[in-house]
Amino acid sequence: MSPKKAKKRAEGASSNVFSMFEQAQIQEFKEAFTIMDQNRDGFIDKNDLRDTFAALGRLNVKQEEIDDMLKEAPGPINFTVFLTMFGEKLKGADPEETILNAFKVFDPEGTGTLKKDYVTEMLTTQADRFSAEEMEQMFVAFPPDVAGNLDYKNLVHIITHGEEKDQE
């Protein structure tokens with residue numbers, strides 16, 4: 001297949017992929033693509049991947065690993081194909097499982113609960129900080145038990161399904 005035909009096919013891979021993401025997300029993907037497209041030719045190839053891994057500190061990446069990554073694409077990886085591949089990966093992501101996994105990081109014993117004080121500290125001091133008012137609203141909506149534990153499994157279920165889980 002000529003590079004011109006490959007380019008056409010890659011462009012037509014999924015024209016509505018841009019409707020899957022918000023404009024800000026597309027811009028972030030574009031920045032990531034630009035960083036990975038080390039030789040600035042508009043396509044990510046094996047040399048670009050090797051250079052990207054090197055920039056991230058992984059110097060001994062096997063050629064087989066790079067080839068496997070490139071095989072996931074239907075053709076040459078331009079920005080549209082790159083975005084489509086991410087869309088397909090994210091489409092299968094279960095939001096409930098994703099949120100649960102985030103809470104599990106703070107629950108190494110796997111109890112399904114977190115101390116109210118700990119949750120408050122984490123949500124008011126890290127990343128997108130919650131205000132005192134937002135914390136109060138959360139604990140009114142999802143009150144901790146008498147021991148001060150927040151049942152995050154139930155919280156996640158309500159966030160993702162809009163209703164309490166039936167207690168078994």
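**Close-up views of a predicted model**

The backbone nitrogen of Val81 lies 2.9 Å from a polar atom of the Asn78 side chain. The model shown in this and the following views is a predicted one.

**View 1. Asn78 in the loop between helix 4 and helix 5.** With a relative accessible area of 7%, Asn78 is buried, because the limit for a buried residue is under 20%.

**View 2. The largest nonpolar core, with 17 residues.** Within this core, the residues with the most contacts are Phe21, Phe29, Ile44, Ile77, Phe79, Phe82 and Leu83. Two or more residues each are contributed by helix 2 (23–36), helix 3 (46–55) and helix 5 (79–91). Helix 5 supplies the largest share, five residues. In soluble globular proteins, nonpolar side chains tend to be buried together.

**View 3. The surroundings of Ile77.** When residues up to four places away in sequence are not counted, Ile77 touches Phe33, Gly42, Phe43, Ile44, Leu70, Phe82 and Met85. Ile77 is also among the residues with the most contacts inside the largest nonpolar core. Apart from that core there is a second, separate one of 13 residues, which includes Val119, Met135, Met138 and Leu150.

**View 4. The packing of helix 2 against helix 5.** The axes of these two helices are 10 Å apart, and the angle at which they pack is about 120°. Helix 2 and helix 5 are therefore oblique to each other. The crossing of helix 2 past helix 5 is right-handed. On the side of helix 2, the contact is made by Ile26, Phe29, Lys30, Ala32, Phe33 and Met36. Helix 5 contributes Phe79, Phe82, Leu83, Phe86 and Leu90 to this contact.

**View 5. The packing of helix 3 against helix 4 (residues 63–71).** Here the helices pack at an angle of about 120°, and their axes lie 10 Å apart. This angle makes helix 3 oblique to helix 4. Helix 3 passes helix 4 in a crossing that is right-handed. Lys46, Leu49, Arg50 and Phe53 of helix 3 meet Gln63, Glu65, Ile66, Met69 and Leu70 of helix 4.

**View 6. Arg40 in the loop between helix 2 and helix 3.** Although Arg40 is not a glycine, its phi is positive, at about 55°. Most residues other than glycine have a negative phi. Arg40 is exposed, and its relative accessible area is 54%.

**View 7. Phe139 in helix 8.** A relative accessible area of 11% places Phe139 among buried residues, because these have values under 20%. Not counting residues up to four places away in sequence, Phe139 touches Lys116, Val119, Thr120, Pro144 and Leu150. Two of these contacts, Val119 and Leu150, are to residues included in the second core of 13 residues. Thr120, another contact of Phe139, is 19 residues from Phe139 in sequence, and their C-alpha atoms are 9.6 Å apart in space.

**View 8. Arg129 in the loop between helix 7 (116–125) and helix 8 (132–141).** Arg129 is exposed, having a relative accessible area of 56%. A polar atom of the Arg129 side chain lies 3.1 Å from the backbone oxygen of Thr125. If neighbours within four places in sequence are left aside, Arg129 is in contact with Leu123, Thr124 and Glu134.

**View 9. Helix 9 (residues 152–161) and its buried residues.** Tyr152, Asn154, Leu155, Val156, His157 and Ile158 are the buried residues of this helix. They pack against helix 6, strand 1 (113–115) and strand 2 (149–151). At the start of helix 9, a side-chain oxygen of Asp151 comes to within 3.2 Å of the backbone nitrogen of Lys153. Gly162 follows helix 9 and has a positive phi, near 80°.

**View 10. Thr98 in helix 6 (residues 95–104).** Thr98 counts as partly exposed, with a relative accessibility of 48%. The C-alpha atoms of Thr98 and Val156 are separated by 9.6 Å, while along the chain the two are 58 residues apart. Val156 is one of the buried residues of helix 9, and helix 6 is among the elements against which the buried residues of helix 9 pack.

Notes:
Residues numbered from 1 in each chain as written. Predicted model: local features only at pLDDT ≥ 70, side-chain atom pairs only at ≥ 80, totals over all residues. Heavy atoms only, no water. Helix = DSSP H or I, 4+ residues; strand = E, 2+ residues; numbered from the N terminus. Buried < 20%, exposed > 50% of the residue type's maximum accessible area, 1.4 Å probe, protein only. Contact = heavy atoms within 4.5 Å. Polar contact = N/O pair within 3.5 Å; in protein donor to acceptor, adjacent residues only side chain to side chain. Core = buried A, V, L, I, M, F, W, Y, C linked by side-chain atoms within 4.5 Å. Axes fitted to C-alpha atoms, helices over the stretch in contact; angles between N-to-C directions. Parallel < 35°, antiparallel > 145°, perpendicular 65-115°, else oblique. Left-handed = near helix turned anticlockwise from the far one by under 90°.
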